[in-house]
Amino acid sequence: MDPEVQGVLTAAQKYWPHIYISDSLVMADTAVKMAKAGCQFITVLGVDFMSENVRAILDQAGFQDVGVYRMSGERIGCSLADAAATPAYMNYLEAASTNPPSLHVIYINTSLETKAYAHELVPTITCTSSNVVQTILQAFAQIPDLNIWYGPDSYMGANITELFQQIAMMSDEEIAEIHPKHNKDSIKSLLPRLHYYQDGTCIVHHLFGHEVVEKINEMYCDAFLTAHLEVPGEMFSLAMEAKKRGMGVVGSTKNILDFIKERVQEALDRDVDDHLQFVLGTESGMLTSIVAAVCNLLGSAKSSGNSKINVEIVFPVSSDSMTKSSISSSSNLKSVTLGDVALPVIPGVASGEGCSTNGGCASCPYMKMNSLSSLLKVCHQLPHGKNNLKAYEAERFKLQTLQGKSIADVGCEPILHMRHFQAKKELPEKLVNQVIHPHSGNCKSMSLS
């Protein structure tokens, strides 16, 4: 989100216990804890599928009377979630259902409705960018001759496939360190049975294409490189090469943050002057959490050493992000020459962040709809002005699935399967039975237990 929103909420945490900043996975669980602590209204700063998930999980937990509010009277979308809510994606799953045994691995950043409809077509488990590789490897290990259908992120699917192709070239000992039930032969045998959706992208990570990669190679070849699993293949390959040299990381936002903290701590432990440069290959809003973490590390080290550590975060910028400006309005700004044209690099194209949806530092226009003014508007109207906030209320799912089940019930089951995997490091028996016996005891006739 916008750094101003993150900064204000982080500061407010010191005075109010019911503020939580996290990824989308744990937001609903945190909302339940808030409701149990007596909160009567919960605001969700995110995209709409996040507030829908919070609403559904609260209802499941018995807190139907707790109000859930979004940050806009308009729809707060997500290009990736929208890609999975299309007839094309359902056709993809229809094809999967004709190739048993099949398992659908769906990215957590999709709507509950999509998860429900998908689960009735093909047994489904959700994943995050942190656990998707281990989820797929464990599924192949548990279920012989399994077909896996990943979606909806096409870049992540392609990158996972490329990653497994690289793993297949490792020794059996190296592969066993990644997953103890696999070896070179098993990895090679699973590759033809790993499928991914071909038409789903995050508009933010889509920006890290070939032009950005060329700029990184040209200007930041000695920097640490970070890349989210959702970036295009060029950026993924570049970061993977850097990873082999100990100079990069590919994974989730948590993986990226942990990598940066580890490199900074190593520099502090060496106790010598150093300048660390990190290329940030993900959404620019992550800078807030990076700055907070690095400042904590540097602050705690001031009393123990005399070394000077500088940390620089680089946003790779494509030419589409550079906007012409008049000489009078840009006399104090640096410029970049492209051919015969001098283009000032201005601090703000439309949103005031120096970013655009055409390129440059990646900024999500949907997440930026979660403004401080919207939050204050909702808070000031509660509790007596609820009638003025109808457009801000998170929707309940009134429709049922094609099998006549509650969308909330069926849509939550793939999440519960993932939680079991996270706790036990194996797929739950219930899901395995759904995959192996898709017509006798499958998810089409099941609700949550």
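What follows is a tour by selection, from the whole chain to single residues.

**Before you start**

This is a predicted model, so local features need pLDDT of at least 70, side-chain atom pairs count only at pLDDT 80 or more, and totals for chains, interfaces and linings use all residues. Residues are numbered from 1 along each chain as its sequence is written, and side-chain values use heavy atoms, with hydrogens and water left out.

**Whole chain**

The protein has 17 helices and 12 strands. Helices (H or I, at least four residues) and strands (E, at least two) are DSSP runs, numbered from the N terminus. Of its 449 residues, 50% count as buried. Buried means under 20% relative accessible area, exposed means over 50%, and partly exposed lies in between (1.4 Å probe, protein chains only).

Now switch to a surface. Accessible areas come from the Shrake-Rupley method with a 1.4 Å probe; for residues, only the protein chains shown count as cover. As for contacts (heavy atoms within 4.5 Å), residues 24 or more positions apart account for 71% of those with a separation of 6 or more.

**Helix α1: Gly 7**

Select Gly 7, in helix α1 (residues 3–12). Gly 7 counts as partly exposed, at 35% relative accessibility.

**Helix α2**

Next, select residues 27–36. Is this helix enclosed or open? Seven of the 10 residues of α2 are buried, so the helix is largely enclosed by the rest of the structure. The buried residues are Met 27, Ala 28, Thr 30, Ala 31, Val 32, Met 34 and Ala 35. Show β1 (41–43) and α3 (48–60) too: the buried residues of α2 pack against both. Then step to Gly 38, which follows α2 and has a positive phi, near 110°.

**Ser 111**

Move to the loop between β3 (102–107) and α6 (112–121), where Ser 111 sits. Ser 111 is buried, at 12% relative accessibility. Show its contacts: leaving out residues up to four places away in sequence, Ser 111 touches Phe 49, Glu 52 and Ala 81.

**Two cis peptide bonds**

Select Gly 151 and Pro 152. The peptide bond between them is cis, with omega near 0°. Pro 152 lies in the loop between β5 (147–151) and α8 (154–167).

Jump to Leu 382 and Pro 383. A cis peptide bond joins them as well, with omega about 0°. Pro 383 is in the loop between α15 (372–381) and α16.

**Negative patch**

Select Asp 172, Glu 173, Glu 174, Glu 177 and Asp 185, which form a negative surface patch. Patches are made of residues with over 30% relative accessible area and no salt bridge; like charges are joined within 9 Å, and nonpolar side chains (Val, Leu, Ile, Met, Phe, Trp, Tyr) within 5 Å. A salt bridge is a side-chain nitrogen of Lys or Arg within 4 Å of a carboxyl oxygen of Asp or Glu. Helix α9 (residues 172–178) gives the largest share of the patch, four residues. Glu 177 is in α9, and Glu 177 is exposed, with a relative accessible area of 72%.

**Helix α12: Ala 242**

Select Ala 242, in helix α12 (residues 233–244). Ala 242 is buried, with a relative accessible area of 0%. Beyond residues up to four places away in sequence, Ala 242 touches Leu 225, Met 247 and Gly 248.

**Asp 271**

Go to the loop between α13 (253–270) and β9 (274–281) and pick Asp 271. Asp 271 is not a glycine, yet its phi is positive, about 55°. Asp 271 is partly exposed, at 42% relative accessibility.

Finish with His 417, in helix α16 (residues 407–424). Buried or exposed? His 417 counts as buried, at 5% relative accessibility. Its contacts, not counting residues up to four places away in sequence, include His 119, Thr 124, Ile 125 and Leu 431.

Last, select Lys 425, in the loop between α16 and α17 (429–436). Lys 425 has a positive phi near 65° and is not a glycine. Lys 425 counts as exposed, at 59% relative accessibility.

Note on methods:
Lys and Arg count as positive and Asp and Glu as negative; His and the chain ends are not counted. The place of a charge is taken as NZ of Lys, CZ of Arg, CG of Asp or CD of Glu.
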